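Please open the structure in your viewer and keep the selection tool at hand. This tour begins with the whole molecule and then moves to a few side chains.

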Amino acid sequence: MSSPTTLCYSDPIPTVLTHFRRELAETLAGGGADASCARWSRPVEGLPGLGGTLRMGLNCLYNTTRARLTRGPVLQLWPSLGLLEARGWASRRHPRWVLFHDPTPLRRQHGFSDRSRRWARRAPAASRPTLVVLSRSALDVVRRELPSHPAVLTMHPILDDQRLTPKTSRPSVVVAGQYKPARDLELLAQLGPRLRDAGWTTTIVGRGWPPVPGWDVDDRFVPEGELDDLLGSAWALLLPYREYFQSGVAVRALENGTLTVGESTSFLDDLLPAQERLRVPVGAGPDAWVEALTSVTADPAVVHAAFVDYRERARRSWSTVFADPS
């Protein structure tokens, strides 16, 4: 950018997106932009009971109203009203972006019904917000669901500096993050015993996980610092998803000096383009996963080069989006 760009963003799920906000701020600053949370942004998470549900609904409407009234560029970090925000976040005079992490939600979320989609598609052309996505597969979905909306592809933001910690003495692989139905439990059950027989330590950590054969399952929320240590000490992060658009934990693993093994999705292809051996063909059996894990390297030079390469590409992708917000 020729001059710094300043924008504000709304974060309706500030607890969930704490680390993402830090990654975004550092990525934008690296590309010459500056961002801060809008003072009017209200949370839409964690309020219990019927009263909490009502309050969160009112906060959604409040955020949408304030965004429409705000001058200057505004980015919505999470579409708390789903596809409805592809029309609700409208402005004829000021740039608006809505970030869709999962344009087809991996679990039930308001605002993705056929009726919501039809209403969003009728948004006036002059005021449609730009839809922002973090992977090529997500871009395909938003172009199909809302073909008349402008849409841009960015890369998941990443921190400026990589943090390296000593690896475990034995080969170790970790699955990190909250359990979701998209996790491939069958694959994990096949992999766990085989990896342990080969001398690997196998760990799953995150809320909601059931017992999985061959894995030590830690069913709890892991604090930020502990998660970084867990990722940094592992030899590899495993992404056992049946379906996903991007993985914040894979980016975080790279921030902590650990490479990711997973299916060859558009996201993982872009995250580690030089680590083709770590990408498993879609639908492959456990043999291919074991082979990919044996290709993992903890060489600091290789891991740091992968980090720097991704960081620079991420910065360029975001600076392109906000290069001319007028």
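Predicted model: local features only at pLDDT ≥ 70, side-chain atom pairs only at ≥ 80, totals over all residues.

Buried residues make up 52% of the 326 residues.

Return to the cartoon view, where you can trace eleven helices and twelve strands. The radius of gyration is 20 Å, close to the 20 Å that the globule rule gives for 326 residues, so the protein is as compact as a globular protein of that length. Along the principal axes, its C-alpha atoms fill a box of roughly 60 × 50 × 35 Å.

Next come the aromatic rings, among which a search of the whole structure finds five pairs. Select Tyr-179 and Trp-209, whose ring centres are 5.2 Å apart and whose planes stand at 65 degrees, so the pair is edge-to-face. Tyr-179 lies in the loop between strand 7 (172-176) and helix 6 (185-197), while Trp-209, 30 residues apart from it, lies in the loop between strand 8 (201-205) and strand 9 (216-218).

Now select Tyr-244 and Phe-267, another edge-to-face pair, with 6.3 Å from centre to centre and 80 degrees between the planes. Tyr-244 sits in the loop between strand 10 (236-239) and helix 8 (248-255), and Phe-267 belongs to helix 9 (residues 266-271). Tyr-244 is buried, with a relative accessible area of 10%, and Phe-267 is buried too, at 4%.

Notes
Residues numbered from 1 in each chain as written. Heavy atoms only, no water. Helix = DSSP H or I, 4+ residues; strand = E, 2+ residues; numbered from the N terminus. Rg over C-alpha atoms; globule rule 2.2 N^0.38 Å. Buried < 20%, exposed > 50% of the residue type's maximum accessible area, 1.4 Å probe, protein only. Phe/Tyr/Trp six-rings, centres within 6.5 Å; stacked < 30°, edge-to-face > 60°.
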